[in-house]
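The following exercises are to be worked through with the model in view. Each task is followed by a stepwise solution.

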Amino acid sequence: MIEIQIQKRLDSAEGSMLLEVAFNIKKGQMVALYGGSGAGKTSLLRIIGGLLQPDKGKVKVNDEVWFQSEPKVVIRKPQARSIGFVFQDYALFPHMTVLENLEFASVNEGNRDLDHLLELTELGDLKHKKPKTLSGGQQQRVALARALAQKPDILLLDEPLSALDDTIRRRLQHYLLKAHKAFGLTTILVSHNIEEIIKLSDWAIELDRGQIVQQGKPTELFSSKGIDENFKVTAEVLAMKPKDQGFEVRLLVQNHVFTRTLSKSEGESLRKGDRVILASNEFNPKLYKE
Amino acid sequence: MIWDPLLLTLKLALVTTLLLLVIAIPLASWLAQTKSKLKPVLETLVSMPLVLPPTVLGFYFLVAFSPGNAFGGWLNEWFGLKLVFSFPGLVLASILYSLPFMVHPIQSGLASLSPSLKEASYLIGKSKRETLLKVLLPNIKPALLTGVVLAFAHTIGEFGVVLMIGGNIPGVTKVASIAIYDEVEALNYGVANFYSTILFVTTFFILFLVYLLNGSYFKSLLK
């Protein structure tokens with residue numbers, strides 16, 4: 001069980017912002033954090049990991065205090081927190097091979113655990129390679145395997161899949177879910193991808209400018225916006241341009257491009273590159289043979 | 001002995017470089033990550049020997065360490081340490097004089113590494129010391145090599161500091177650069193030329209080696 005209740009003033013490019021959140025995560029849950037860039041997601045992960053100290057509040061994990069500002073200041077060092085952290089840039093040690101990276105992180109000498117991990121992440125054939133020679137997806141798997149090699153209680157993932165293409169992304173989502181269950185982890189995942197959040201997480205928390213704006217079960221959260229469950233595909237925003245009172249949006253679904261007009265309020269929060277759900281209230285498809 | 005000044009130069013450069021490595025690594029690693037207000041002050045002090053005439057450094061050493069003065073007297077009395085006109089004094093002066101040549105490459109090497117490497121190591125449970133030795137330093141080998149070679153070559157080339165604090169005692173403080181000056185004064189151009197040629201060729205090859213090793217050709221062989 002993770003209990004977080006913290007305040008931290010953050011200085012970003014857009015000025016100063018107060019990160020102020022309070023929430024609990026149950027053991028074994030996979031929780032997704034999402035929201036625009038600069039919302040405080042990464043900072044929150046770093047606070048849990050002990051890489052960033054809050055100004056006020058407390059972080060408690062399994063009834064152990066990891067951070068508290070009062071009555072007595074307690075700060076547990078990152079080294080003493082049982083956390084596997086997968087960084088956005090993977091942070092693999094360049095001078096070590098895949099296996100050496102895992103061994104460096106491994107809590108005990110036994111290589112059997114590592115073999116199992118290499119098997120789980122399908123890295124067996126690559127174990128004597130240096131990270132630089134691997135593809136993005138392979139590096140990501142190494143980062144995940146290394147985080148698991150230290151047998152953490154908590155797994156923190158900072159947009160680990162954002163740089164990968166869709167096919168690899170789906171495979172890695174599968175690894176992630178497998179590992180989360182196999183190791184009985186409590187996982188917190190930062191993600192921008194709604195499809196990913198729905199697929200992986202039990203609970204989703206949306207942050208905006210340092211505040212929690214909504215949280216809930218992903219399926220409920222993302223369908224509460226009047227989305228009909230009948231017909232739903234994910235799409236990527238290719239371009240936005242103002243039109244009349246609203247916006248004209250170009251969307252990419254698989255390899256087809258659609259154009260749609262949105263009202264001002266609908267379009268305001270969208271940016272180029274966002275992943276969105278394209279849904280229709282009426283589902284009346286015509287089928288053509290290819 | 002004609003070889004004495006050259007051997008002394010070599011010994012001085014080796015001892016200085018080794019000690020500098022031990023001193024510069026923690027110093028550079030602190031400078032690379034600190035947000036302390038003292039940082040600019042310390043960086044300035046480290047860089048001073050780059051622009052200060054070596055004689056200024058040598059002069060203050062001479063004054064500070066001279067047994068007739070409070071500090072030098074105290075050192076002499078309590079530790080039996082005589083730093084003026086002695087080899088240990090030369091080493092100390094050389095360390096300060098070559099400090100920027102060792103600290104700068106290591107500092108910028110460490111600063112160029114992604115902070116997540118260090119953080120990942122901490123979260124794996126490794127101490128700061130272990131992280132520095134096993135994660136950070138192995139990834140800045142070219143910077144370490146540059147620091148070592150520049151400090152070594154710079155120590156070989158020093159003249160002003162050594163002359164001020166070391167004087168010109170054969171076999172003790174008479175290094176090659178001073179011997180050259182000495183021989184020219186005595187109109188022994190042949191001997192001066194002998195020392196000069198050796199220093200010229202040695203420093204050329206040392207620097208040449210760095211550029212080769214840090215260049216693309218040898219980089220692939222190093223891995």
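**Exercise 1.** Which pattern does chain B follow when read along the sequence?

*Solution.* This is a predicted model, in which local features need pLDDT of at least 70 and side-chain atom pairs count only at pLDDT 80 or more, while totals for chains, interfaces and linings use all residues. Residues are numbered from 1 along each chain as its sequence is written, and chains are lettered from A in the order in which they are written. Helices are DSSP runs of H or I with at least four residues, and strands are runs of E with at least two, numbered from the N terminus. Chain B contains 12 helices and 0 strands. The pattern is accordingly written α-α-α-α-α-α-α-α-α-α-α-α.

**Exercise 2.** State what percentage of chain B is buried.

*Solution.* A residue is buried if 20 or more other C-beta atoms, placed from the backbone, lie within 10 Å of its own. By this criterion, 36% of the 223 residues of chain B are buried. The C-alpha trace of chain B spans about 65 × 50 × 30 Å along its principal axes.

**Exercise 3.** Describe the side of chain A that touches chain B.

*Solution.* Contact requires C-beta atoms, placed from the backbone, within 7 Å. On this basis, 15 residues of chain A are in contact with 14 residues of chain B. Strand S7 (83-86) and helix H2 (98-105) of chain A each contribute at least two residues to this side.

Terms used:
Buried ≥ 20, exposed ≤ 12 C-beta atoms within 10 Å, placed from the backbone. Contact = placed C-beta atoms within 7 Å.
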